[in-house]
Amino acid sequence: TIGLCMVFMLVMAQGVWFYEEELSDTQFTPEGSQAIKDEEWVVQRFGDENRPVTTMLEGNQGTNMLTKESLLFMQEIHEWLLEQSHTIDGELVTYDTVCARYTPGDACKDPVSVLSYWQHNRTLLAADPNPLAT
């Protein structure tokens, strides 16, 4: 009886194959959804690897980068990056169209930087009497 059960189990197990999903993102995303189309668009233009960007600035001859002048210069760079736009395959690409978001439709995630304390706001930074003490 054990042999008969083993033969029956092997015959029936041939119809069961375990399939491992290669792209885990597609396991819980409906086929043809906007999320799939967005991912295909990004992969087509930028590849399939995440591309976090880190900018590091160094003061001339070891100067302190936490002076108001240096911080305002960093804010100027931040604002310049946000203003950039390019046309790729007839489509306008801006920071708002490619920034990281928690979920589609959300606002862009705030970049993590020392400027976050002043909410990346030039006016708040300029009004701070002593950013180093802040």
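This report looks at a helix, a disulfide, an aromatic pair and one serine in a predicted model.

## Ground rules

Residues are numbered from 1 along each chain as its sequence is written. In this predicted model, local features need pLDDT of at least 70 and side-chain atom pairs need 80 or more, while totals for chains, interfaces and linings use all residues; side-chain values use heavy atoms, without hydrogens or water.

## Helix H1

Helix H1 covers residues 2-13. Helices are DSSP runs of H or I, at least four residues, numbered from the N terminus. The expected span is 1.5 Å times one less than the number of residues. For the twelve residues of H1 that gives 16 Å, and the end C-alpha atoms are 16 Å apart, which agrees.

The number of buried residues in H1 is zero, so the helix lies largely in the open. Buried means under 20% relative accessible area, exposed over 50%, and partly exposed in between (1.4 Å probe, protein chains only).

## The disulfide

The structure holds one disulfide (cysteine sulfur atoms within 2.5 Å). Cys99 and Cys108 form it, with sulfur atoms 1.9 Å apart. Their link is left-handed, at -75° about the S-S bond. Cys99 is buried at 13%, and Cys108 is buried at 18%. Cys5 is exposed at 52%.

## The aromatic pair

One aromatic pair turns up in the whole structure. Rings of Phe, Tyr and Trp (its six-membered ring) pair if their centres lie within 6.5 Å; planes under 30 degrees apart are stacked, over 60 edge-to-face, the rest tilted. Tyr117 and Trp118 are edge-to-face, 5.2 Å centre to centre with 80° between the planes. Tyr117 is exposed at 56%, whereas Trp118 is buried at 7%.

## Ser70

Ser70 sits in helix H3 (residues 68-83). Its relative accessible area is 12%, so Ser70 is buried. Leaving aside neighbours within four places in sequence, Ser70 is in contact (heavy atoms within 4.5 Å) with Asn64 and Met65.

Key:
Helix = DSSP H or I, 4+ residues; strand = E, 2+ residues; numbered from the N terminus.
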